[in-house]
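Visitor: I have a model to go through. Can we talk about its contacts?
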Amino acid sequence: MTPQEFAKHLGANYPDHQFEIDPLNENCVLIPLQLVPQCFELLRDDDATQMDYFDFSTCVDHPPDRLDLVYSMYSTVYKHRIQLKVVLDRQNPCVPTVSHLWVNANWNEREMYDLFGVFFPGHKDLRRLMMPDDWEGHPLRKDYAHPNLVVRPD
Amino acid sequence: MLIRTWWCALTSPSDDGGALRTEEFELNMGPQHPSTHGVLRMVLKMDGERVVDCDPVVGYLHRSIEKMAENRTFTQVIPVTDRLDYCTSMTSNYVYVLAVEKLADLTPPPRAEYIRVIMTELNRIASHLLWYGTFCLEIGATTPFLYSFRDREKVLDLFESACGARLLYNYIRIGGVGQDINQKFLDRMIEFLDYWEPIIPEYEALLDENPIFYNRTVGVGTVPLEMCRSYGVSGPNVRAAGVAEDVRRDDPFAVYKDLEFEIPTEKESDVFARYRVRMRELRESAKILRQCYEKIPSGPYGLPLNYRFKVPEGETYVHIESPRGDIGCFLASSGGDKPWRCKFRTPSFVHIQLFKKLLEGVLIPDIMAICASFDIVLPETDR
Amino acid sequence: MDLIKKIPAYVERIPNGGILMTGLDWVLNNAKASSMWYMLFGLACCAIELMATGASRYDFDRLGMIFRATPRQTDLMIVAGTLTLKMAPRVKLLYEQMPDPKYVIAMGGCTMHGGPFYHDSYSVLKGVDKIIPVDIHVAGCPPRPEALMNGCIALQDLIRGEKVGRKRDRPGLRHIDPATNLPLLVRPDTGLIRPNQIIMPDQLRVLS
């Protein structure tokens, strides 16, 4: 399936919403925030898509107000791969978990919670993954400052 | 085997004879432990010799590679990716460079593509030999370690003659490779293969016929295929479950579509099967290298590029096959000369999550065998 | 008998043998220097080179270096690789578990000043000599096995020059507070870390 077909397939299942190809990434479909996680459940369980392999999920920080959340998944049956993007509010990023659909998403979400400060309601074990438990701040955000961080002169 | 049966009978939960019941206790394993391949920490809840629950803790080698990539030019990031997975630096160089090339729409010359394939396959051999040595060390055999490092040094000599470094190469560059290789290098490579290919049965002879090795590995750490799928297991570990999945064939990059090679699989999906798959992959790598020797064209080895070249705005994801599995790079550019976001999808990150489920109910000595058989590398997990 | 000539000793010959007289320093220091047992302790990339040094081609055993898996049986800690803030308290704990006399070799650029992770890294401890005293620094990223062995030979020479019973004159920690003569881990305004004190990550966060 091409990304255009994915967008069409999702549009047929959720007629109230718009699904567009991301202008930045030709292999990525933009998903409205309110369709997480039922849209993912559809992609995983639908016979036409069968996305049974979760690659990764990560964030891209766009200060001052946007935080993109990118999911990537793959079907071992049809051998197609797609990225899905959800746009979050940077001040208060919050998105329902998908870790009950793919176990692999568990640590990916913990990592994003740790490094970007995204909150995942419904996640069973939301703790910091990389940094010590009492660390303050979310290091991979663009405006992060820390005494240990020496910025490289250009 | 007898002692093991005895312990199983004594400590198994179904044993309600009440001969010896134990209380649960917590055991901290790592981050400094000789058998955890670096700085992995596992908090184990034990019932006697048996693991009830395992909580892997990572992050002891979190070196902020992804943050560093955001403040370097596209070329300057390559040495940082070396440190991402030090056992196969070429592969992590390669996946990053492929992402930049896809975003900037560059096509490297065919000679460079062949050199890259030669280097990644040589590095796969070096990495598997390293794995073989440490895997045996953790099971308790010291001799195979010496055998494998003897031959690994010969691969490192080849790398040293090509790019001057033993471990962290910074060799695969955007648009090509760092330096050209000459005919002498290729001849030495074939000389090495002629010497080394007959030695692979020697490695296997050390273990295959060994009853202790059998008892430690057969039927230990079995991962069913459904579990592989939900966790996203890839590489030799999923091939040991009987699925012929390989990025080199499913999603061919570089010149892999012109090369003939088999994808070795095993059915049992236990520690022994994962060992068998890796040993057979060594032979396939040798086969690929011999084909590259025949087919490598002459011509330029790289594209002339400005040091601070700019990459158009966009995002992309590419993935290749590393010796550990499916390694990927998600790269976002904002149109400048530095990456905006660089995320690595690494196989070890996925495989360590599996331990929580997999180590339930195993004995303490089996933890080492299972951990080692997955070939985890911690810098790749923590980045 | 060539070896005997090198020993700073007086040999008195008596029938059926001889008496060898030499300093206590010489005997004890040589005993120490020629059987350095190092801790099997790998952190990052340098650990692979440390393994290669111990394996077939380079054969670390020639120098009397044998790895031990527990700190209680070791004389030498080779800090091989990048030390992160999360790992730093553990390394200090391991160092304190080693019995005296103990020595430290810092292997690779990361252990000297952060190496390639000096800039832009928020989680790497920039120099292990901020938490444990280091005797020998081996430069390189990673150092070749030859460089590591050279470092070990340099350490052996250092040990041979020691005086028994006298406090060792060692470089110590990088930051010494002039007022109290105690090693400083953090700035004076945020607090002191004294030897034999386990550091928690929150204290490490305010590195100078």
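Visitor: Is B:R276 buried or exposed?
Guide: B:R276 counts as buried, at 17% relative accessibility; buried means under 20% relative accessible area, exposed over 50%, partly exposed in between (1.4 Å probe, protein chains only). This is a predicted model, where local features need pLDDT of at least 70, side-chain atom pairs count only at pLDDT 80 or more, and totals for chains, interfaces and linings use all residues. Side-chain values use heavy atoms, leaving out hydrogens and water, residues are numbered from 1 along each chain as its sequence is written, and chains are lettered from A and ligands numbered from 1 in the order in which they are written.

Visitor: Which residue forms a salt bridge with B:R276?
Guide: B:D208 does, with the closest N and O atoms 3.3 Å apart. A salt bridge here is a side-chain nitrogen of Lys or Arg within 4 Å of a carboxyl oxygen of Asp or Glu.

Visitor: Where do B:D208 and B:R276 lie?
Guide: B:D208 lies in helix α8 (residues 200-208) of chain B and B:R276 in helix α13 (residues 271-295) of chain B, so the pair ties together parts 68 residues apart in sequence. Helices (H or I, at least four residues) and strands (E, at least two) are DSSP runs, numbered from the N terminus.

Visitor: How many salt bridges over all chains?
Guide: The search of the whole structure finds 53. In one of them, the side chains of A:K85 and A:D68 meet at 3.4 Å, N to O.

Visitor: Is A:D68 buried or exposed?
Guide: Buried, with a relative accessible area of 0% for A:D68. A:K85 also counts as buried, at 1%.
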